[in-house]
Amino acid sequence: MATVLNVKGVTKTYEGGHQALKGVNLEIEEGEILALLGPNGAGKTTLISIICGISTASAGRITVGGYDHARDYRAARNLIGLVPQEINLEPFETVMNSVRFSRGLFGKPRDDGRIEEILKLLSLHDKKDNRIMTLSGGMKRRVLIAKALCHDPKILFLDEPTAGVDVELRKDMWEIVARLKETGVTVILTTHYIEEAEAMADRIGVISKGEILLVEEKDALIKRLGQKELLIELDAPIDAVPEALSSYPLTVSDEGGLIYAYDAQAGHTGITGLLADLREAGLHLADLSTRQSSLEDIFVDLVKEDAA
Amino acid sequence: MNWNAIAAIYRFEMARTFRTLVQSVISPVLSTSLYFIVFGAAIGSRIDQVEGVSYGAFIVPGLIMLTVLTQSTSNASFGIYFPKFIGTVYELLSAPISFYEIVIGYVGAAATKAFMIGIIILITAHFFVDLTIAHPVWMLLFLVLTCISFALLGFIIGIWAGNFEQLQLVPMLVITPLVFLGGSFYSISMLPPVWQTITLFNPVVYLISGFRWAFFGQADVALGWSVAAIVIFMAACLFTIGWIFRTGYKLRS
């Protein structure tokens, strides 16, 4: 698949000296859904704002569909739709007028038929002549999506699409994203809900303190989730894995016990053999427990490591 | 040029005008009528003529300028400030449009509205006084240039303003006094000599004088100065807007 968005060495330092982004590199494939996970203040919105042209980068280069986003800004921005985090809408306008305005801004001729199609996709069609101020919060969010989609972008940015949204609407939103993917739109969403990233994304990126810590296929991450650990506490603490047990993937824990990593989904975990070999090696067990790391753990560990 | 975008901004702004028709059009007409009743009829009946023109007719160009200047400034400043205030400015910044196209859309709409109001006041004036316009083409030219240049000023104010008070500040504290002291209701030759000199530092004097010349063929200052004043003012506004564009002042962080 072709790269549709390429972010290279993008930094952002604000006037006060605060460095919001520290050399971000990111490549987005056409048609994928990437979830950018990160705690508040990690730089998610700053990164999106720079890509979309709302803020300027201090350094670095961005290409969108091969177009330089500063030099060929018209061609680059034509490919992008942005759904901002805040519900920023003209309260007195009707839904239809507001979406028409957005389509016009992107240089597209008026086409109410196309706009109505989009409104239908978002279950907004019956509200098209309503003033925005009369809509519920969830409906307003849909209007924002309609405004972002009305010029048929190739890449859609959803900045915290489900922040402050009830469970039902969140599920709706996931469905909308899935439908958009079917139509070939590349979606980049930011979130701090891990569940959301798991439900929607093909790849997951973790950003913290202005740096991308990892970008990985979701499935690979899930595989990591499949990893379980058997914690073996010993009567007498040790400081190295005994020679006799070197064939097992063992590490020594902080308490002088052993940690055995295994794949819980595999048919053969190797635990029985390990326990027999432990006795053979003359080690006495005090306690056994297992632990499964979640995406949340991975995320928290990464962010913590980064903070240290 | 992204003409569709300019048209979208222009239409969106004009739609606001028509949606708020009462404030937008009827209130300037009403206030102008009040000026005519108070200044034209009540006070004017005691003033014979100013430079050979009946006082009621004499104040028409000044009245139009008073309204057009405040309207074009406040329309354009509100037009760009409101998206900043409610946050919809993100759309303008992320759309494939240049800053100049944004300016053309907002300034064009604000100037159109001010121009319309100017014409409406002119028509209203016809009901109160007899008017013949000596140089109609010049009159329209002055009106259009004034609408555009003060809408440019308004746009700059809208970008600069951080709150609604600041938005009102310049129209209220600068423009209204300058227009009142710029010879809207009198000829500056009626002032004591010292004030005549001081008045020449007021740029609005040149606008009103030129505009009045287009009506009656008489001016406080030479026509060339009036044309120069408006060109210089417009150039200054365009220069400032160019600077805002280059630096992203208060728009792009």
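This is a predicted model: local features need pLDDT of at least 70, side-chain atom pairs count only at pLDDT 80 or more; totals for chains, interfaces and linings use all residues.
Let's begin with the overall numbers.

| Chain | Residues | Helices and strands | Radius of gyration | Span of the C-alpha trace |
|---|---|---|---|---|
| Chain A | 308 residues | ten helices and 14 strands | 25 Å | about 80 × 40 × 35 Å |
| Chain B | 253 residues | ten helices and two strands | 19 Å | about 60 × 35 × 35 Å |

In chain A, 35% of the 308 residues count as buried, while in chain B buried residues make up 45% of the 253.

Take the contacts in chain B between residues at least 6 apart: 80% of them join residues at least 24 apart. In chain A, 70% of the contacts with a separation of 6 or more are between residues 24 or more positions apart.

## Two sheets in chain A

Now for the strands of chain A. Six of them form an open sheet in the order 6-7-8-3-9-10, and the pairing is mixed. Strand 6 (80–83) and strand 10 (211–217) sit at the edges with a single partner strand each, so one side of each has no neighbour in the sheet. From one strand to the next, the twist averages 15 degrees.

Inside this sheet, strand 3 (residues 33–37) and strand 8 (residues 186–191) of chain A run parallel and are joined by five bridges. Look for A:Leu37, which stands opposite A:Thr191 in strand 8. Helix 6 (residues 167–182) of chain A packs on the sheet and touches strand 3, strand 7 and strand 8, with its direction at about 155 degrees to that of strand 8. Helix 5 of chain A lies across strand 6 and strand 7 (155–159), running at about 165 degrees to strand 6.

There is also an open sheet of four strands in chain A, ordered 12-13-11-14, with antiparallel pairing. Which strands stand at its edges? They are strand 12 (250–252) and strand 14 (285–292), each with a single partner strand, so each has one side left without a neighbour in the sheet. On average, neighbouring strands here are turned by 25 degrees against each other, direction ignored.

Strand 12 pairs with strand 13 (residues 258–263) of chain A in the antiparallel sense, over three bridges. One pair to find is A:Leu250 and its bridge partner in strand 13, A:Tyr260.

## Where the chains meet

Across the interface, 24 residues of chain A are in contact with 21 residues of chain B. On the chain A side, helix 2 (73–78) and helix 3 (95–105) are the elements that give two or more residues. Helix 3 gives the most, with five. Sort that side by residue type and you get ten nonpolar, nine polar and five charged residues.

Is it mostly covered or uncovered? Mostly covered, with nine of its eleven residues buried. Among those buried residues are A:Val95, A:Arg100, A:Phe101 and A:Leu105. The cover comes from both chains: it includes helix 4 (112–121) and helix 5 (137–149) of chain A, along with helix 1 (3–19) and helix 4 (89–94) of chain B. After helix 3 of chain A comes A:Gly107, which has a positive phi, near 80 degrees.

## The core and a buried glycine

The largest nonpolar core has 136 residues, and those touching the most other members include A:Phe157 and B:Tyr106. Helix 3 (residues 55–86) of chain B gives the most to this core, with 15 residues. Beyond its neighbours within four places in sequence, A:Phe157 is in contact with residues including A:Ile48, A:Leu82 and A:Ile188.

Finally, find B:Gly44 in the loop between helix 2 (21–43) and strand 1 (49–50) of chain B. Why does B:Gly44 count as buried? Because it has 23 C-beta neighbours inside 10 Å, and the cut-off is 20 or more. The C-alpha atoms of B:Gly44 and B:Gly56 are 6.1 Å apart, although twelve residues separate them along the chain.

Terms used: Residues are numbered from 1 along each chain as its sequence is written. Chains are lettered from A and ligands numbered from 1 in the order in which they are written. Two strands pair if DSSP finds at least two bridges between them. Axes are lines fitted to C-alpha atoms, for helices over the stretch in contact, and angles run from 0 to 180 degrees between N-to-C directions. Two residues are in contact if their C-beta atoms, placed from the backbone, lie within 7 Å. Ala, Val, Leu, Ile, Met, Phe, Trp, Tyr, Cys and Pro count as nonpolar, Asp, Glu, Lys and Arg as charged, and the others, Gly among them, as polar. The radius of gyration is taken over C-alpha atoms; the globule rule is 2.2 Å times the number of residues to the power 0.38. A residue is buried if 20 or more other C-beta atoms lie within 10 Å of its own, exposed if 12 or fewer, and partly exposed in between; C-beta atoms are placed from the backbone. A nonpolar core is a set of buried Ala, Val, Leu, Ile, Met, Phe, Trp, Tyr and Cys residues joined through C-beta atoms within 7 Å.
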